[in-house]
Amino acid sequence: MMRFLLLFSRQGKLRLQKWFLPLPEREKKKIIRDMVAMVLARKPRTCNFLHWRDLKIVYKRYASLYFCCGLEEQDNELLALEVLHRYVELLDKYFGNVCELDIIFNFEKAYFILDEFLMGGEIQETSKLSISKSIEASDMLQEVRGSVQAPYQSYQSQAASKKAIT
Amino acid sequence: MPAVSKGDGMRGLAVFISDIRNCKSKEAEIKRINKELANIRSKFKGDKALDGYSKKKYVCKLLFIFLLGHDIDFGHMEAVNLLSSNKYTEKQIGYLFISVLVNSNSELIRLINNAIKNDLSSRNPTFMCLALHCIANVGSREMAEAFAGEIPRILVAGDTMDSVKQSAALCLLRLYKTSPDLVLMGEWTSRVVHLLNDQHMGVVTAAISLITCLSQKNPDEFKTCVSLAVSRLSRIVSSASTDLQDYTYYFVPAPWLSCKLLRLLQCYPPPEDGAVKGRLVECLETILNKAQEPPKSKKVQHSNAKNAILFEAIALIIHYDSEPNLLVRACNQLGQFLQHRETNLRYLALESMCTLASSEFSHEAVKTHIETVINALKTERDVSVRQRAADLLYAMCDRSNAKQIVAEMLSYLETADYSIREEMVLKVAILAEKYAVDYSWYVDTILNLIRIAGDYVSEEVWYRVIQIVINRDDVQGYAAKTVFEALQAPACHENMVKVGGYILGEFGNLIAGDPRSSPLVQFNLLHSKFHLCSVPTRALLLSAYIKFINLFPETKSTIQEVLRCDSQIRNSDVELQQRAVEYLKLSSIASTDVLATVLEEMPPFPERESSILAKLKKKKGPGAVSAGELEEGKREGGEVNGAERPGDNAAIAASNASTPSPSADLLGLRSAAPVSAAPVSAGSLLVDVFSEAGPAASTAGVNDDGFLSCSSALSSAPPSVVSEDPAPPLPESDELLNKFVCKNNGVLFENQLLQIGIKSEYRQNLGKLPNTLRNIVLLIFIALLNEILLNVQLKPVDPLVEGGAQVQQVINIECLSDFSDAPLLNIKFRYGGALQNLSLKLPVTINKFFQPTEMSSHDFFQRWKQLSQPQQEAQKIFKANHPMDTEVLKAKLLGLGTALLDNVDPNPENFVCAGVIQTKAQQIGCLLRLEPNAQAQMYRLTLRSSKDTVAKRLCELLSEQF
């Protein structure tokens with residue numbers, strides 16, 4: 001079972017945190033600090049796995065973002081790498097060339113997509129098609145408000161020059 | 001156009017996020033956030049009711065602020081309100097807020113549960129999934145109480161949508177992990193297992209996580225899943241890459257499901273059904289074969305997914321550990337990976353070879369890769385890969401390659417990363433000891449270790465080298481020579497000084513013949529390091545100096561000079577000062593004989609589990625912690641008891657007793673393990689429980705000279721050390737004791753956890769004890785019926801005792817004077833996490849010290865008359881408890897330990913016996929007469945003894961026997 005998933009930038013800014021077991025806030029902050037410090041210190045082309053306490057840490061960098069998760073002893077590291085990759089693919093499919101800004105401005109969407117994919121630290125659905133379908137279905141349920149969205153557009157113009165993370 | 005345009009961008013939220021991003025400083029950010037928080041608070045408190053959209057927007061802003069790392073202490077109520085909105089997006093944001101922010105003990109949980117209940121019964125699959133997600137995210141006990149009954153029903157209901165089934169399966173798993181007692185599968189079991197056959201791959205993928213977890217806890221109830229899993233796996237493995245449509249990931253069919261199936265099978269032993277097993281072996285072979293095929297894609301995702309399955313298959317093969325052919329193939333496959341250009345694969349190959357190395361079938365195959373692994377240790381750029389290489393070298397080490405591996409690890413240590421040095425040091429120390437054929441190699445290795453990585457050499461490591469040198473006289477000379485040479489280095493590590501000081505103090509004489517290492521040269525060498533060392537090391541050196549005075553009288557004046565100087569005798573450290581004063585006094589007033597006795601060479605240490613191993617286990621994770629604790633406890637016990645152990649070096653005992661300082665050089669005390677675990681009750685110390693180090697300890701024990709008694713006077717330690725809070729003896733222990741009065745072997749105690757067998761034998765004491773002393777050796781066999789952790793304090797046993805294993809403890813008991821209470825045996829162990837405490841009376845009764853005496857009728861009656869004072873006789877008339885069989889009676893009386901005298905008593909029906917009880921203090925003669933009356937089924941038992949208490953006690957004991 002995956003214990004947690006963190007997304008943070010090269011500057012160490014946390015972009016998304018998902019905890020699959022409840023932990024006290026202090027413990028979470030400690031883990032975040034340790035993960036960011038450990039992962040950012042890794043040199044390029046080293047392996048994607050680390051040991052930390054009794055957990056296996058698997059991380060991968062996509063453009064400016066690090067995806068990092070903590071696994072239990074019996075979990076498969078290679079497969080966890082592909083969990084991260086599949087999540088990136090899902091984000092990419094939803095946002096279209098997803099970049100860090102998409103995740104910042106639509107953090108709630110990033111959580112919703114993750115929820116369709118993982119639950120309680122286990123894989124719920126691996127099919128890209130099914131997941132996209134259910135996300136689209138829930139988007140259809142949303143009522144459209146305000147056709148002109150000035151600040152959002154400014155984010156879009158920022159994002160126009162965005163570097164996709166895939 | 002990106003898909004987001006479909007959403008309802010919350011304008012205010014986007015503005016706020018932009019503002020935050022534009023903040024130039026942390027202060028500006030905090031200011032902006034506080035402004036926003038004040039705004040939201042006023043909106044929430046305002047009179048005007050907020051519409052759903054605004055509520056959603058503000059809740060979302062709060063969530064964003066929280067995720068930035070700020071505390072949020074309001075808004076929960078508004079979020080809960082959103083749950084009951086009928087607009088999907090509002091509900092969704094509400095659930096998200098609750099999932100992220102509500103901790104399990106919130107008082108809002110009842111309101112939340114209500115909203116969840118409504119959504120679960122709404123039959124709207126999207127709402128149901130949201131609710132299930134929320135339960136899984138919060139996962140509290142209250143939620144388990146509320147929904148654990150409902151969710152299994154949703155999971156197996158025929159009309160539930162597939163997506164809801166998936167959520168329900170994982171949600172149930174989450175609740176099962178929090179509150180296994182609340183999730184009762186019972187009636188659902190078989191329907192849940194059959195989800196493995198579901199048409200929908202997504203449902204199978206989600207359900208199998210649940211089934212795996214349930215199988216681990218209740219393997220029997222779920223064992224039908226094995227054949228289902230095998231057939232599902234076989235279908236996937238043999239399918240073409242396109243068969244499974246979207247469940248094919250980069251040309252690999254269903255990698256997640258395959259791995260989970262292989263993982264599920266690891267919960268069970270190999271299938272018994274031949275057909276199932278055949279099919280499974282076929283699958284595993286196919287997976288191994290596929291690894292050799294050219295890749296279908298160059299993408300890393302393809303190879304990762306493929307290899308993930310391969311590693312999981314290898315893990316299953318290792319788990320079964322029964323198919324030599326597959327094991328060797330697995331090993332070869334991993335061998336290929338060891339040289340793969342992908343760092344990840346090298347890392348994983350090293351890791352999984354570690355487990356393979358412990359299988360007897362593949363150990364040899366793993367060993368063939370030694371050069372590659374050594375090369376990895378030397379050349380890998382990545383420290384975590386090097387760490388795995390070091391682990392593997394440790395795992396593959398055996399007698400044949402130990403020297404090579406230890407040498408490589410040592411040379412690696414010179415450049416090793418700081419993060420792994422300590423562990424490496426422990427590993428080298430353990431391997432060197434475990435596989436040492438000649439101990440000079442061992443000494444070299446450890447000294448090298450201290451030289452290269454002295455800072456990382458923990459106390460356990462250098463304690464251990466000293467224990468070994470002391471116990472093996474073939475290596476002592478070599479050790480002295482080697483430390484002497486090592487100390488020549490201008491800068492040597494303090495640990496080296498400690499080892500050097502100790503070894504030269506004990507065995508410096510072995511190299512003193514060489515003028516290059518004459519006594520004075522040795523002393524000057526040691527003393528040249530003195531001023532650079534810490535207090536504990538200096539204390540150790542002072543002890544070495546006093547030992548020098550004994551070994552080499554010619555150094556006496558020089559050393560006394562050193563002891564006398566102000567920096568020693570007035571040292572501000574009380575330990576050093578005291579040692580200087582005491583040693584100086586000792587060296588000037590004691591005669592050479594006394595000095596020689598007091599400063600005698602250390603006796604051998606009892607063989608025990610290496611403390612280093614325990615330390616490594618402790619380092620290795622929480623699983624081993626209990627063993628580590630036991631080890632700690634053991635050592636503390638050793639320290640307390642060591643203080644009064646007569647075999648200990650007296651000078652050291654003296655200084656320890658005066659100032660018990662744990663940091664001092666009390667090697668003997670800290671690591672000597674003999675502990676009297678037979679605390680003697682009620683202040684009558686009658687038996688002296690010796691350690692296994694028997695002869696040496698006893699020799700010193702009988703040295704009744706001045707200094708020893710002086711040292712025990714110094715130590716205010718109580719005469720007997722009662723192990724801390726032993727449980728009161730079992731109520732039936734007196735009865736158990738009686739069973740052993742007339743016999744020496746048998747089962748003392750048995751319960752569902754363990755069985756304690758006793759085998760006691762008299763031994764004429766080996767060697768130097770006077771013949772008047774007689775020791776009983778009790779061999780206690782403890783057969784464990786279940787897996788428990790055992791800590792018998794006599795001789796440390798392996799802290800983890802397997803079920804069904806036997807542990808043997810030898811207790812030497814010497815009788816000091818007569819006694820009536822049996823010593824207590826206190827056994828503490830851990831079983832299932834709980835500490836068990838068991839107190840039994842050891843079947844040691846006074847009659848165990850009988851020496852039979854043969855005598856003629858005349859002599860017997862003459863003595864009988866001599867013992868005619870009333871208090872010297874004890875008599876009892878009692879009813880027979882057992883049939884009066886002459887042969888049985890004879891056997892019992894012989895078992896008592898006395899001589900059964902024929903033709904003594906004029907009445908042939910009567911039995912007379914004679915014996916002498918040997919105690920250290922005195923010999924106590926005893927005569928016995930047993931007169932059976934077959935008609936009345938009664939006995940009259942008469943005992944006469946030179947000591948009244950003995951007669952009385954024997955009479956009591958024996959009256960229960962017939």
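My entries below go from the interface to the strands and then to salt bridges.

**Entry 1: the ground rule.** I reminded myself that this is a predicted model. For local features I kept to pLDDT of at least 70.

**Entry 2: the interface.** How many residues of chain A are in contact with chain B? I found 68 residues of chain A in contact with 80 residues of chain B. The area buried between chain A and chain B came out at about 6600 Å², and carbon and sulfur atoms give 57% of that area. I then looked up which residues of chain A lose the most area to chain B, and they are A:Leu78, A:Phe107 and A:Met119. Together these three make up 10% of what the chain A side buries.

Entry 3: I searched between chain A and chain B for salt bridges and got three. I noted down one pair by name: A:Arg42 and B:Asp382 meet through their side chains in a salt bridge, with 2.8 Å from N to O. Which element of chain A gives the most to the side that touches chain B? It is helix α2 of chain A (residues 77–95), with 11 residues. I also sorted the residues on that side of chain A by type, and they divide into 29 nonpolar, 22 charged and 17 polar.

**Entry 4: the sheet in chain A.** I traced an open sheet of five strands in chain A, with antiparallel pairing and the order β2-β1-β5-β4-β3. Its edge strands are β2 (14–19) and β3 (49–52) of chain A, each of which pairs on one side only. From one strand to the next, the twist averages 20 degrees.

**Entry 5: two hairpins in chain B.** I moved on to strand β15 (residues 911–918) of chain B, which pairs with β16 (residues 923–933) of chain B in the antiparallel sense over eight bridges. In this pairing B:Cys926 of β16(B) stands opposite B:Gly915. The two strands β15(B) and β16(B) form a hairpin, with four residues between them. Next I checked β16(B) against β17 (residues 938–945) of chain B and found them antiparallel, joined by eight bridges. There, B:Arg929 has B:Thr942 in β17(B) as its bridge partner. β16(B) and β17(B) also form a hairpin with four residues between them, and in its turn B:Gln937 has a positive phi of about 55 degrees.

**Entry 6: salt bridges overall.** My search of the whole structure gave 40 salt bridges over all chains. I picked out B:Lys26 and B:Glu29, whose side chains meet in a salt bridge with 3.7 Å from N to O. Why are these two separated by about one helical turn? B:Lys26 and B:Glu29 are about one helical turn apart because they sit three residues apart in helix α2 of chain B (residues 26–45).

How values were computed:
Residues numbered from 1 in each chain as written. Chains lettered and ligands numbered in written order. Heavy atoms only, no water. Contact = heavy atoms within 4.5 Å. Buried area = accessible area lost by both parts, 1.4 Å probe. Salt bridge = Lys/Arg side-chain N within 4 Å of Asp/Glu carboxyl O. Nonpolar A, V, L, I, M, F, W, Y, C, P; charged D, E, K, R; others polar. Pairing = 2+ DSSP bridges. Axes fitted to C-alpha atoms, helices over the stretch in contact; angles between N-to-C directions.
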